[in-house]
Amino acid sequence: MNADDAQLAERCCAGDSDAFAELVRRNQDAVFNLAWRMTRNWHEAADITQDTFIRAYRKLSSYKPEFAFKNWVMSIGANLTRNRFRSYSRRQRMEQTVAGMQDLEPMPAIEAHDEALEAALGRLPESVRMALILKHMEGMSYEEVARTLGIGLSAAKMRVARGRDELVRLLGEERERLK
Amino acid sequence: MNREESGRIHALLDGETDATDCTPEEAAAMVRYRESLARLEKGRVRAPAGLVDGIMAGLPAIRRPRFREWLEDFLPQRRQWAVPALAGAFAMLVALLGVWPLLPRASDPGMLVHFQIHAPGAHQVELLGDFNNWTPGTIQLRGPDASGHWTANIELPEGRHEYQFLVDGKTWVTDPRASTHRPDGFGRENAVVEVCHEERI
């Protein structure tokens, strides 16, 4: 039987650890993608993903099945990512002060690596980038983006719109530069 | 593009406005937006292989019972108890509030962790980690003692913390005494300390 996430969460609460492994398998890409897009560090993103699911497991009794499990776990992941992102950015600045500019940790080869897209996303502010990723990479509705980030609906729409505008502008500049 | 034009493009992208009556400029802008968003959607990365096993290995072995289930088992099935029970609970609350200032304070949930590094020639050693947001100048180690050791006792909240020592404001040194290390993304390794109070894994 192909159980939905809410059923798996229910089975997990009853002590079925295989059910939780299936929940992780289904949702790990979404959490990892968000964490990687924010930190641009492969190990850090894997670490955030692991912490997110461990935290979700501990808090599973507070999960409400009427909401999508993916959105619930993404809200945990978004909070952790935000905290780590700020800490990591500060550490980066500190590193640059102490030892000069250093590159971020190299990542394993990714399919369809888009250099210009990476650079453009990297220039978006944290809050805007997160909203844009949730809306256009995870296919969330504005209501889901708002709930996941703990913000109002109009703020979610505004962040996504700003992210789109900036992304189009930055990719357009890149296109002009290559002409 | 001004704010009004931009707002119209977003409404078109979200399907809130009918695309049949858009101007040629708006149609051209829509193409640019759709191309950029398609690139974004294609850029989604997948979690590394083996992550599920790592996550499952790190889960706590014991889960706490669900509070709602515990409450359902605890409360009687018939509802006549509600008014006297709530009145009793309210009376208890008032009594507790009365004696609250006299109660001894609960101990702080943090746990004291001892940090130590051997650096006999150093003039200054700092401790930086996620617990102080990698901020220099916040935690200085005391030392060196006669054997060249620098030490600090720091109260840390429950959880996993990563840290390094910064010697003389320029040299990062990981803690060789730590049981776990992980890459810090800058070519070195953070030491890892786990602070646990209860429920153990």
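Predicted model: local features only at pLDDT ≥ 70, side-chain atom pairs only at ≥ 80, totals over all residues.
View 1. On the chain A side, the contact is formed by Arg164(A), Asp165(A), Leu167(A), Val168(A), Leu171(A) and Arg175(A). H2(B) contributes Arg32(B), Tyr33(B), Glu35(B), Ser36(B), Leu37(B), Arg39(B) and Leu40(B). Sorted by class, the residues in this helix contact are six nonpolar, six charged and one polar.

**View 2. The interface of chain A and chain B buries about 5,200 Å².** Carbon and sulfur atoms account for 57% of that area. Chain A places 62 residues in the contact, and chain B places 52. The predictor assigns the complex an ipTM of 0.80 and a pTM of 0.62.

**View 3. Glu138(A) and Arg44(B) form a salt bridge through their side chains.** The N to O distance is 2.7 Å. Eight salt bridges are found across the interface of chain A and chain B.

**View 4. Confidence within chain B is lowest in helix H4(B) and highest in strand E2(B).** H4 (residues 67-74) of chain B has a mean pLDDT of 65, whereas E2 (residues 125-129) of chain B reaches 93. Over chain B the mean pLDDT is 82, with 84% of residues at 70 or more.

How values were computed
Residues numbered from 1 in each chain as written. Chains lettered and ligands numbered in written order. Heavy atoms only, no water. pLDDT = per-residue confidence, 0-100. Helix = DSSP H or I, 4+ residues; strand = E, 2+ residues; numbered from the N terminus. Contact = heavy atoms within 4.5 Å. Nonpolar A, V, L, I, M, F, W, Y, C, P; charged D, E, K, R; others polar. Buried area = accessible area lost by both parts, 1.4 Å probe. Salt bridge = Lys/Arg side-chain N within 4 Å of Asp/Glu carboxyl O.
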